Amino acid sequence: MSEIQRLAVLTSGGDAPGMNAAIRAVVRAAAACQVETVGVRDGFAGLLAGRFQPLDDRSVGGILHRGGTILGSTRCPDFHTFEARERALIALGEQDVGGLVVIGGDGSQRGALALHQMGLPVVGIASTIDNDLAETEATIGFDTALNTAMSAIDRLKDTATSHHRAFLVEVMGRNSGYLALLAALATGAEFAVLPEREMPLEAVADDIQASYARGKAHYIAVVAEGAKPSANTLAAYLRQHPCAFDIRLTVLGHVQRGGSPSANDRLLASRLGAAAVSALLAEREGVVVGWRAGAVVEIGMDAAVAPCNKVTPELLELADMLAR
Ligand code: ADP
């Protein structure tokens with residue numbers, strides 16, 4: 001067992017529903033092992049500025065169901081430098097912190113890995129609405145964001161049908177089209193435009209016309225944030241060409257980041273928070289805790305941040321086949 005008496009926890013990068021549930025689980029799992037937790041405010045930026053906040057069982061009460069992160073989150077370009085990370089290690093040492101839990105996505109886990117390579121015991125918790133970490137099927141926040149996108153697209157479909165309109169709906173996911181593809185599948189969208197498969201503009205225009213000819217009363221194309229063409233380019237193109245439907249563009253944007261976490265995300269966050277503490281205290285450092293085949297997995301940080309593509313040919317085929 002490790003000598004850690006005090007650990008630190010931070011949330012970093014894009015926030016995700018369920019981060020609070022993960023903070024709560026870390027604090028209480030640590031307390032159950034007589035280990036204190038100190039929260040770091042505003043991610044790696046707070047680490048550099050020495051913004052610490054002691055956390056105990058009571059201070060993480062009432063947050064399980066709340067979206068966002070009580071610790072705050074930032075993007076911190078400085079953290080790419082060795083000097084900045086050295087300052088972070090000094091700040092943690094001054095707080096008598098023996099280990100760090102980083103809750104965040106692939107960028108944050110790269111930062112965590114860089115700290116680990118400098119000798120700090122670090123464990124990451126897979127948390128991103130994009131679900132773009134490798135070797136984990138689920139990440140905290142993805143399920144909630146998917147449900148948010150699904151509800152929004154369902155509503156757009158209602159009005160699209162009433163007015164015989166085609167909606168291009170931009171869904172988040174940065175360079176990953178996984179959230180967009182699953183949202184398209186869950187809503188029966190006619191088309192998914194994704195970074196993983198480049199589309200000529202005409203292909204979407206042709207599909208819209210073909211759907212109209214098949215008697216569809218509406219058309220929904222889910223367009224991933226990082227898709228080529230982008231939702232804006234596609235909308236401009238379609239408006240300049242004859243189209244059977246009136247074209248509308250809706251960007252779901254940051255709505256997808258907020259809201260109370262789903263039951264699945266609360267459960268995942270609770271399990272991963274406790275698993276991160278177990279890993280750290282058992283000296284299994286340098287791992288990201290994730291979820292695979294119905295169980296918690298510890299993934300080497302290098303492997304977790306390696307390029308991954310969850311948009312499989314099978315999922316694409318299914319979406320295309322069912323959008324008839
Ligand atoms: P996410 O964790 O949601 O993917 P970002 O990609 O914005 O978010 O990364 C969050 C932060 O992690 C960055 O602002 C930076 O501080 C840190 N970070 C990302 N990549 C590295 C890296 N290679 N080395 C050190 N820190 C990094």
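This report walks through the overall build of the protein shown above.

## About the model

The structure is a predicted model, in which local features need pLDDT of at least 70 and side-chain atom pairs count only at pLDDT 80 or more, while totals for chains, interfaces and linings use all residues. Residues are numbered from 1 along each chain as its sequence is written, and side-chain values use heavy atoms, with hydrogens and water left out.

## Overall shape and fold

Let's start with the fold: the protein has eleven helices and eleven strands (DSSP runs, with H or I of at least four residues for helices and E of at least two for strands).

Along the principal axes, the C-alpha atoms fill a box of roughly 70 × 35 × 30 Å.

## Two domains

Domain 1 covers 6-141 + 261-304, and domain 2 covers 143-257; these bounds come from an automatic or database domain assignment. Their centres, taken over C-alpha atoms, are separated by 34 Å. The contact takes 15 residues from domain 1 and eleven residues from domain 2, where contact means heavy atoms within 4.5 Å.

## Packing and surface

Of the 324 residues, 55% are buried (under 20% relative accessible area, with a 1.4 Å probe and protein chains only). Among contacts with a separation of 6 or more, 75% come from residues 24 or more positions apart.

The accessible surface comes to about 13500 Å², and 51% of that belongs to carbon and sulfur atoms (Shrake-Rupley method, 1.4 Å probe).

How values were computed:
Buried < 20%, exposed > 50% of the residue type's maximum accessible area, 1.4 Å probe, protein only.
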